[in-house]
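Here is a colleague's note for someone opening this model. Please read the points with the structure in view.

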Amino acid sequence: HLSVLNLPGDSAIIKWECRLEAGKNPFQRIKTYREAIALKKNMDSVTAALQHYLSSFENVYGVAFREASTADTVLISTRAVSPVYPSTAFVYGMVDKLRDFCKNSKCTITGPPMLNVTALDTGRFQVMVALPVEHSVAGNGDIQLQKMIPGRFIIADVKGGPHAIENTHRQLLHFFQDYHRTAMAIPFEYLITDRVKESDTSKWVTRIYSPVY
């Protein structure tokens, strides 16, 4: 009989029981006792292996989540609304706009582009793109300076295209529910791979950051 007992917080106890009929014959009882000892050792090995397996976020959620902060705290960003889910060309058009602004403003870009796509009630999509920069600069028009608090984030590295990224966002929600964590703001994605130069989506690497309490 296998049962799961929930503990306060983020843990559980898995209880595995087995009963053997010993009978009345003393020789049979001794034989059954020896079988029970061997069976207990096997059950201990299986439950220890299960504990080790289930202690890995990657085995449970398919993604190796970790908690850390970020060094990128000064950003320049811009927003746009797309009638359909934004294409690579749409996103990198916004990235190039920020790169040109940074070049003219003589600021140093310190990391890969950051992206957030939010579905609107109208069926359209709000797209926000940002670049981490070395120091503060004055914004201009629809390009704004933003400062991010270096708080705590749940981070996941994803290899693959839109489907893999979307699945990771779903698993993040499950993770938050399972561990009773609260998302403090919208998640964002670091586009580690330059998607303009690499058209094979299976080779894309995206790092997802989700601010967490």
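**Notes on the model**

1. Lysine 106 sits in the loop between H3 and E5. Helices (H or I, at least four residues) and strands (E, at least two) are DSSP runs, numbered from the N terminus. This is a predicted model, in which local features need pLDDT of at least 70, side-chain atom pairs count only at pLDDT 80 or more, and totals for chains, interfaces and linings use all residues. Residues are numbered from 1 along each chain as its sequence is written, and side-chain values use heavy atoms, with hydrogens and water left out.

2. Look at the backbone of lysine 106. Its phi is near 55 degrees, a positive value in a residue other than glycine. Most residues other than glycine have a negative phi. The relative accessible area of lysine 106 is 74%, so the residue is exposed. Here buried means under 20% relative accessible area, exposed over 50%, and partly exposed in between (1.4 Å probe, protein chains only).

3. Histidine 180 also deserves a look. This residue lies in the loop between H4 and E9. Phi of histidine 180 is near 55 degrees, again a positive value in a residue other than glycine. Histidine 180 is exposed because its relative accessible area is 61%.

4. Now turn to helix H3, residues 88-105. The helix has 18 residues and reaches 25 Å from its first C-alpha to its last. That is close to the 26 Å expected at 1.5 Å a residue; the expected span is 1.5 Å times one less than the number of residues.

5. Which residues of H3 are buried? They are Val91, Tyr92, Met94, Val95, Leu98, Phe101 and Cys102. Their cover includes strands E4 (74-82), E5 (114-119), E6 (125-132), E7 (143-147) and E9 (188-191). Aspartate 100 is also in helix H3. Its relative accessible area is 47%, so aspartate 100 is partly exposed. From aspartate 100 to leucine 172, 72 residues apart along the chain, the C-alpha separation is 34 Å.

6. The structure holds 1 disulfide, meaning a pair of cysteine sulfur atoms within 2.5 Å. The bond joins cysteine 102 to cysteine 107, S to S 2.2 Å. Both cysteine 102 and cysteine 107 are buried. Cysteine 18 is partly exposed, with a relative accessible area of 45%.

7. Alanine 130 belongs to strand E6. Why is alanine 130 called buried? Because its relative accessible area is 4%. Leaving aside neighbours within four places in sequence, alanine 130 is in contact (heavy atoms within 4.5 Å) with Leu75, Ile76, Ser77, Leu98, Pro113 and Met114. Glutamine 144 is 14 residues from alanine 130 in sequence and 9.2 Å away in space, C-alpha to C-alpha.

8. Last, the second largest pocket. On a 1 Å grid over the protein atoms alone, a pocket is an open set of points where a 1.4 Å probe fits, with protein on both sides within 12 Å along at least five of seven lines; lining residues have an atom within 4 Å of a point. The second largest pocket holds about 640 Å³ of space, a volume being the space filled by probe spheres set on the points. Of its 27 lining residues, Tyr85, Val117, Ile165, His169 and Glu189 are the closest to the centre.

9. What supplies the lining of the second largest pocket? H3, E5, helix H4 (162-178) and E9 each give at least two residues. H4 gives the largest share, 8 residues. The lining divides into 17 nonpolar, 6 polar and 4 charged residues. Ala, Val, Leu, Ile, Met, Phe, Trp, Tyr, Cys and Pro count as nonpolar, Asp, Glu, Lys and Arg as charged, and the others, Gly among them, as polar.
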